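Welcome! Take a moment to look over the sequence and the 3D view, and then we can walk through a few parts together.

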Amino acid sequence: MKTKKSLLVLLSMIFALSLFLVACGGEDTATDTQDESSTPSDNNDGDTTEEATPGEPQYGGDLVLGTSGEPVIFNANYHQDSASADITDLVFAGLMQSNENLEVVPNMAVDQPEISEDGLEWTYTLREGILFHDGEEVTAEDVVFTYEIFLHEDYTGPRAGSFTALEKVEALNDYEIKFTLNEPDARFATLMSYGILPYHILGDIPIADLEDYREFNIENPIGSGPFVFESWTPGQNIKLTAFEDYFDGRPYVDTVTFRIASDANALVLLLETGDIDHMIAPTTELATIETYDHVNLSNVLALRYDYIGWNLDRPLFEDVRVRQALTMAIDRQEIVETVMEGNAEVAHAPVSPLSWAYNDNVPTFDYDPEGAVALLEEAGWTPGDDGILQKDGERLSFTILSNSGNVVRRDIGIITQQYLGQIGVEVKAEQMEWGAFLDQINPPNFDFDAIVMAWGLALDPDPSAIWHSKEIENGLNRSAYRNDRVDEIADANTKILDQAERAAALAEVWEILAEEQPYTYLFYPEQFVAMSKDVHGFTHHPRVDMYKVHEWWLDR
Amino acid sequence: MTTYIIRRLIMMIPILFGISVISFAIMYAAPGKPTVMDLDPDISVEAREAQMERLGLNDPPHIQYINWMSNVVKGDFGTSFTKKQPVRDMIADRLPNTLILMIFSTILAVIIAIPFGVLSATKQYSKLDYGVTITSFLGLATPNFWLGLMLIMLFSVQLGWTPVGGVSTLGGEFNLLDRLHHLILPAIVLATADMAGLTRYTRSSMLEVINQDYIRTARAKGFREKTVIYKHGLRNALIPIITIFGLMLPTFIGGSVIVEQLFSWPGIGHLFISATFERDYPVIMAITMFGAVLTVIGNLIADILYAVLDPRIEY
């Protein structure tokens with residue numbers, strides 16, 4: 001039996017590797033990598049898995065985490081990649097954090113903020129006695145310093161756009177910080193989890209030079225998080241040790257080491273031999289990992305959806321009936337069952353069930369090939385001599401593009417080709433190298449008919465970045481979707497502070513987007529973490545991989 | 001000789017310049033841009049634009065090339081777009097790992113290939129010769145990655161004799177045995193192709209030599225067969241082999257790309273792969289130029305060695 005499994009592993013690896021030279025890390029890279037922010041929530045239907053913890057937590061042990069990403073910078077004000085975020089989540093702590101139900105809860109702050117009547121003044125109170133790794137106390141001055149960086153005209157990082165509503169930030173005393181906004185911004189609460197930087201170390205560095213200040217950002221980052229940074233050997237490992245004075249209690253494990261390997265294949269081998277205790281498990285590796293007796297798999301719905309995007313600038317996809325018919329012709333439940341092996345839920349709108357803004361009362365277009373044919377006929381498409389649907393001499397024929405190396409998207413492309421072929425639509429399924437693919441589908445090229453892609457969602461459900469028509473020319477609205485009502489609500493939604501009211505406004509956006517089908521929403525995938533059975537106390541957060549690591553403990 | 005070397009060194013300048021222009025042009029023409037690689041709905045278009053501007057990516061290609069070249073002449077290879085570190089440091093961090101792997105695998109290849117090549121030639125058309133020949137062709141035909149995977153599955157996963165990857169055990173201090181333990185599998189995989197080629201070269205070179213008149217003369221003088229083969233034969237047969245080493249120098253980078261990826265070996269090849277996928281222009285250019293310099297120098301060394309070893313050749 002063992003040999004058979006190994007043979008399977010081997011064969012799949014040989015296959016994966018033969019794709020390797022044309023493959024790339026495109027699997028999840030199109031998703032946003034900001035994982036520091038969080039959003040208030042009153043709707044906990046996230047199926048978070050908490051592992052059963054037999055016995056009492058015990059101190060000690062070295063936790064080894066497998067990763068294939070090389071970090072860039074250990075400073076949350078600047079990083080843009082998840083490998084860096086994993087480290088800053090351990091070394092630094094923010095005022096607030098998002099919990100596993102995606103609610104914003106206090107971290108270094110005592111409680112939720114006091115918000116003035118007009119929604120323009122937010123006052124946070126810091127817990128007393130929290131220490132940085134060098135023994136200095138965290139005070140309001142450090143918080144003010146951290147957030148003033150975003151506002152500074154010399155700030156070189158990528159996040160200035162998130163703070164356009166912030167007018168100023170000031171310390172009222174050693175522990176109270178007041179943020180003053182120039183207009184109400186419902187997203188603001190989700191910005192309070194950036195790791196607080198030590199003013200006493202960085203205060204003298206000009207903001208323009210801060211991003212390049214390697215002595216702190218790379219060699220010796222100092223925060224108030226549960227783990228102290230020890231060393232980084234590029235391409236090999238990153239070492240952290242427990243912070244004895246962590247305000248939420250000393251971590252159970254003594255050290256955390258990130259072991260860097262080239263790719264998921266290498267990580268799976270390291271997991272099998274017990275060299276690593278933990279890895280994010282790609283869906284394609286699950287069958288292999290399930291055969292390991294010493295490993296547990298944990299799953300939770302990811303804050304993300306996969307879709308087929310139609311290019312609405314192409315005449316073929318102008319008619320909403322055509323897009324609806326294409327969706328109806330594709331059996332998405334079947335895709336979930338086969339390609340995703342059941343590890344996903346069929347999606348109907350571009351909002352995650354995990355979000356408080358989720359609306360399940362949207363128009364749905366379930367699998368109905370006859371209905372699809374009828375709808376296409378209504379839109380003027382009738383079978384031509386070659387069996388392909390035609391209208392005014394134009395054949396219903398197009399190319400569906402995805403990035404090479406991503407087996408799931410390749411399979412979705414091929415299955416779509418078959419489903420649509422059955423109703424007389426000619427589809428070519430093609431793949432391109434990730435960088436070339438992005439270049440082709442993004443502005444200014446926009447050269448595609450249809451793409452298979454995914455969006456990883458931010459904690460705040462604001463639809464502007466992807467659906468507002470002002471984002472067509474140079475932004476991420478690459479389907480070129482235009483709808484005045486959506487624009488209007490998108491513009492207004494961030495100014496509605498009451499969450500229920502805002503959810504109601506956004507519900508209309510999801511309804512419109514579900515009805516108009518600029519995308520065929522495929523599914524909400526689950527994400528998996530593979531962990532040694534020795535690891536206990538793990539909480540699976542849908543967005544933050546390094547969540548509450550100070551509560552993990554080892555039984556060995 | 002000295003003037004010859006100086007002339008060759010001077011000629012390297014236009015050659016390297018030409019290589020840099022062509023590499024830059026090809027890299028630039030390839031689809032994909034550095035800053036769109038990491039799309040984040042939370043990062044505004046303005047911030048992305050500002051980043052393009054800071055990296056100089058909005059300049060026309062020839063200006064970018066000139067800027068790059070003028071820094072390189074000053075010894076500055078720039079800063080990685082994605083890793084934000086000086087390219088020189090990134091390469092310096094990884095070069096020793098690649099060199100260790102290369103030197104070790106080359107030694108391995110030589111100590112196995114040359115004796116077998118000689119045996120194969122002296123016992124031409126014997127069972128041993130056929131065995132060595134078939135094995136060499138198998139070695140040449142086996143893809144690196146496949147062999148590597150097989151060895152990992154067998155020795156690391158099934159038998160647990162060797163580590164799955166990396167250069168050393170986590171957390172340990174420097175330990176020579178531990179290093180060798182990590183080195184052995186990747187070195188074997190990397191050595192296989194070289195080994196097979198070298199065996200074939202040695203065999204044919206040796207065959208050519210032992211059919212020469214002076215070998216017959218040596219035998220006629222009554223020397224022992226061992227002396228004839230190793231003292232008179234091998235010394236001369238090795239001349240072309242040694243020059244091959246000069247030509248092998250640039251494969252230091254190329255050959256290691258796949259093996260380093262397979263064994264998570266943090267070397268130049270590993271760096272090159274990720275830089276290519278991320279369109280990290282400064283890193284790509286630096287490694288390409290490094291490879292070009294090695295190629296040119298390797299050729300020069302081959303030519304010089306040839307003259308040194310073979311008194312009949314003069315420049």
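## Chain B at a glance

Chain B contains 13 helices and 0 strands. Reading along its sequence therefore gives the pattern α-α-α-α-α-α-α-α-α-α-α-α-α. Please keep in mind that this is a predicted model.

The C-alpha atoms of chain B fill a box of roughly 85 × 55 × 35 Å along the principal axes. Chain B has 315 residues, and 37% of them count as buried. If you take its contacts between residues at least 6 apart in sequence, 71% join residues at least 24 apart.

## A helix with a bend

Now find helix α6 of chain B, residues 144-158. Its 15 residues reach 20 Å from the first C-alpha to the last, close to the 21 Å expected at 1.5 Å a residue. Where does α6(B) bend? Look at Ile152(B), where the bend is about 30°.

After the helix α6(B) comes Gly160(B), which has a positive phi, near 70°.

## A sheet in chain A

Over in chain A, you can find an open sheet of 4 strands in the order β4-β5-β7-β6, with antiparallel pairing. The edge strands are β4 (114-115) and β6 (166-171) of chain A, each pairing on one side only. Strands of a sheet pair through backbone hydrogen bonds.

Between β6(A) and β7(A) (residues 176-181), which run antiparallel, there are 5 bridges. For example, Lys168(A) has Thr180(A) in β7(A) as its bridge partner. Helix α3 of chain A (residues 140-151) packs on the sheet and touches β6 and β7 of chain A. Its direction makes about 160° with that of β6(A).

Terms used. Residues numbered from 1 in each chain as written. Chains lettered and ligands numbered in written order. Predicted model: local features only at pLDDT ≥ 70, side-chain atom pairs only at ≥ 80, totals over all residues. Helix = DSSP H or I, 4+ residues; strand = E, 2+ residues; numbered from the N terminus. Buried ≥ 20, exposed ≤ 12 C-beta atoms within 10 Å, placed from the backbone. Contact = placed C-beta atoms within 7 Å. Expected span 1.5 Å × (residues − 1). Bend = angle between axes of the 7 residues up to and from the residue. Pairing = 2+ DSSP bridges. Axes fitted to C-alpha atoms, helices over the stretch in contact; angles between N-to-C directions.
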